[in-house]
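Colleague: I have a new model open and would like to learn how to read it. Could you walk me through it?

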Protein chains: 2
Amino acid sequence: MRGSSDVYRQAGVDIDSGNSAVDLMRAAVRSTHGPQVLTGPGLFGGAFALNADTVLVASTDSVGTKLRVAARLGRHRGIGVDLVNHCVNDILTLGARPLFFLDYFATSSLDPAVASEVVSGLAAACREAGCALLGGETAELPGMYVPGEYDVAGFIVGSVDRGSLLDGTRVRAGDALLALRSSGLHTNGFSLVNRILEGGTGSGPVTEETLLAHDTQLGGALADVLLEPHRSYLNAVSPLLEEGLVRALAHITGGGLIENLPRALPQGLSARVDTTTWTPQPVFDWIARMGGVSPAEMYRVFNMGVGLVLVVPVEAEEDVLARLPEAWRLGEVVQGGEGVELDAGV
Amino acid sequence: MRGSSDVYRQAGVDIDSGNSAVDLMRAAVRSTHGPQVLTGPGLFGGAFALNADTVLVASTDSVGTKLRVAARLGRHRGIGVDLVNHCVNDILTLGARPLFFLDYFATSSLDPAVASEVVSGLAAACREAGCALLGGETAELPGMYVPGEYDVAGFIVGSVDRGSLLDGTRVRAGDALLALRSSGLHTNGFSLVNRILEGGTGSGPVTEETLLAHDTQLGGALADVLLEPHRSYLNAVSPLLEEGLVRALAHITGGGLIENLPRALPQGLSARVDTTTWTPQPVFDWIARMGGVSPAEMYRVFNMGVGLVLVVPVEAEEDVLARLPEAWRLGEVVQGGEGVELDAGV
């Protein structure tokens, strides 16, 4: 499955070069780690033991080039929601509840209305997550950003009792993989989406009119479908974590199921996923068609309708499915192998 | 002193518009604060009470357009040092020691060599500060950054015993203001520097040759002087904090003494600063001359040689000066007034 990623590379993101940069940095990063750091690289967040009982979990992320779609349409509030929820989900995978959040907003020339719309979205999502928006930085950096563009990064800190930290080591062969639906693209794959919108995949630029028109097949306007905010799984999953029903969680972000499911598994185990157990939202079909993207690559770039995967022991499966009526079994953990094996046909 | 900022605005940074955006955001931010948040806006970091004894202090910042000078010269390691030390100093002003740091590195097209040079600088400064580089994100965002440019934001979390939190309320009229020297421009004022380097202030572009040539007046090559990393004050100041000799600290970043000293003072008190007590490094003269910048504006944009200001009770002044031989008294806290009053002549 880890085949070529040509279409995505043409859109400007080189996953392999990204991975090699990450490798180059790891030795430097490790040189700063003492016994208080409980996690290695590759997880969705870092865990820091504050004392014998409490572990702090932190993560940073951005919304990526979804921002460019938001900027084109002048809708910035959802970007704030996206950013917080992405970070909330990331630390949730280690079992942590959020404590506080900080944002870094940067642009070449500050538009106060845009910045405050983003921050109002950040604040709304923070309230929803019971998380303090503790601070932030607004930077005006002439000449660094393309005119009209901005970037916003989020930093989150949460905590978890030391005994409840999820670090992948609890997972066993035979565990069930249960899925929760994404609310759409979340915040990944937008470099490819932007290339389609700009006409770079050969089907001509997508007009404002097309973006805003109701599309029966998509179940709404393309603009709304693309900008649908990243969903938070905190409230759905927290009660299950408290009862110890979950062995690991994978947040399906950039790299899709293929790259993210393995981050929740220990060495020596892999995942088998049956893609016939669900139907991705119609927008993924639209992207594949408009972008000329193969099914294999779609699964490596997009979440394909799966936002979060819960790893649960088979004896808890029925209980979890009863309490999360929208969840379904999409596969299982298997001994040996590597990464994720999708059923034939993808 | 809070007069016009015209030269700086021409360079692309509008301090007043920045301030109004900040005002617009504050209500949203406050709506997320519960009793665990111990700080209001305006301090150098946010304080979050983890429990009865421990307060977490967090801050985020970036290196700003110093990056553009580094990129032009292909020297990226110092940028990592700058970023960590800036953040370390910010939370130090609340009395906190760093626990961990995360970085967000973003660019339109990733150059792994550049990214890993930055991260090696981050790691070196983290080791120096006894701080774990706990995580980070490397984002490739086509179309958002000007080609060849990148941005890197830092996020730091430290801790302080609740009884030792510095929040400005300890400061009294009559307290001495002691200064520690900056190592140069640190990370502020570079939008104006870049405008000079590009020839935008009328003196013609500064060539690579001029940047790299030894300049007797500057005491080195302009490139080295401009890129000198932001100094950390952690090790100099920590022992004094532990003994309770310091009532407040101001980190002199963007906005210079004029904007940053008041952040360390409670309402109703102001600062009187005698600028004849020290001589700024020659590079500040060079900037004022090449950029046609008035002395008043220089003090509003640059640190002018002062990197950190300690507010100490007069009875501790002699002790602190004896233990920090490089420190000097640059002024005092006075009743009433507003902000910072510089001696006549500036």
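Colleague: Let me start with a strand. How many bridges join E10(B) to strand E13 of chain B, and do they run parallel or antiparallel?

Modeller: Keep in mind that this is a predicted model. Three bridges join E10(B) to strand E13 (residues 340-342) of chain B, and the two run parallel. To see one position, look at Ala271(B), which stands opposite Val340(B) in E13(B).

Colleague: Which way does E10(B) run against strand E12 of chain B?

Modeller: Antiparallel, with five bridges joining E10(B) to strand E12 (residues 328-335) of chain B. Here Arg272(B) has Glu332(B) in E12(B) as its bridge partner.

Colleague: Why is strand E10 of chain B described as largely enclosed by the rest of the structure?

Modeller: Burial is judged from relative accessible area, and under 20% is called buried. Strand E10 (residues 269-273) of chain B has four of its five residues buried, so it is largely enclosed by the rest of the structure.

Colleague: Can we try that on a single residue? Does Asn194(B) count as buried or exposed?

Modeller: Buried, because its relative accessibility is 5%. Asn194(B) sits in helix H6 (residues 190-197) of chain B. Leaving aside residues up to four places away in sequence, Asn194(B) touches Thr65(B), Arg68(B) and Val69(B).

Colleague: Now to charges. How many salt bridges are there over all chains?

Modeller: The count comes to 22 by the rule used here. Take Lys66(B) and Asp82(B), which form a salt bridge with their closest N and O atoms 3.0 Å apart. This pair links distant parts of the chain, with Lys66(B) in helix H3 and Asp82(B) in helix H4 (residues 77-92) of chain B, 16 residues apart. Lys66(B) counts as buried because its relative accessibility is 0%, and Asp82(B) is buried at 0% as well.

Colleague: What about Arg247(B) and Asp175(B): what is the N to O distance in their salt bridge?

Modeller: It is 2.8 Å between the side chains of Arg247(B) and Asp175(B). Arg247(B) lies in the loop between helix H9 (234-242) and strand E9 (248-251) of chain B, and Asp175(B) in the loop between E5 and strand E6 (176-181), so the pair ties together parts 72 residues apart in sequence. Arg247(B) is partly exposed at 22% relative accessibility, whereas Asp175(B) is buried at 3%.

Colleague: And in chain A, which residue forms a salt bridge with Arg300(A)?

Modeller: Glu259(A), with the closest N and O atoms 2.8 Å apart. Arg300(A) is in helix H12 (residues 295-301) and Glu259(A) in helix H10 (residues 256-260) of chain A, so the pair ties together parts 41 residues apart in sequence. Both Arg300(A) and Glu259(A) are buried. Salt bridges can also form a network, as they do for Arg68(A), Glu149(A) and Glu198(A).

Colleague: Finally, the interface. How much area do chain B and chain A bury between them?

Modeller: The size of an interface is often given as the accessible area lost when the parts come together. Chain B and chain A bury about 5500 Å², 72% of it on carbon and sulfur atoms. The contact takes 69 residues from chain B and 70 residues from chain A.

Colleague: Which polar features cross between chain B and chain A?

Modeller: There are 17 residue pairs in polar contact, both residues at pLDDT 80 or more, while the salt bridge count between chain B and chain A is zero. The residues on the side of chain B that touches chain A divide into 39 nonpolar, 21 polar and nine charged.

Notes:
Residues are numbered from 1 along each chain as its sequence is written. Chains are lettered from A and ligands numbered from 1 in the order in which they are written. Side-chain values use heavy atoms; hydrogens and water are left out. Contact means heavy atoms within 4.5 Å. Buried area is the accessible area (1.4 Å probe) that two parts lose on being put together, summed over both. A salt bridge is a side-chain nitrogen of Lys or Arg within 4 Å of a carboxyl oxygen of Asp or Glu. A polar contact is a pair of N or O atoms within 3.5 Å; within protein, one must be able to donate a hydrogen and the other to accept it, and residues adjacent in sequence count only if both atoms are side-chain atoms. Ala, Val, Leu, Ile, Met, Phe, Trp, Tyr, Cys and Pro count as nonpolar, Asp, Glu, Lys and Arg as charged, and the others, Gly among them, as polar. Buried means under 20% relative accessible area, exposed over 50%, partly exposed in between (1.4 Å probe, protein chains only). Two strands pair if DSSP finds at least two bridges between them.
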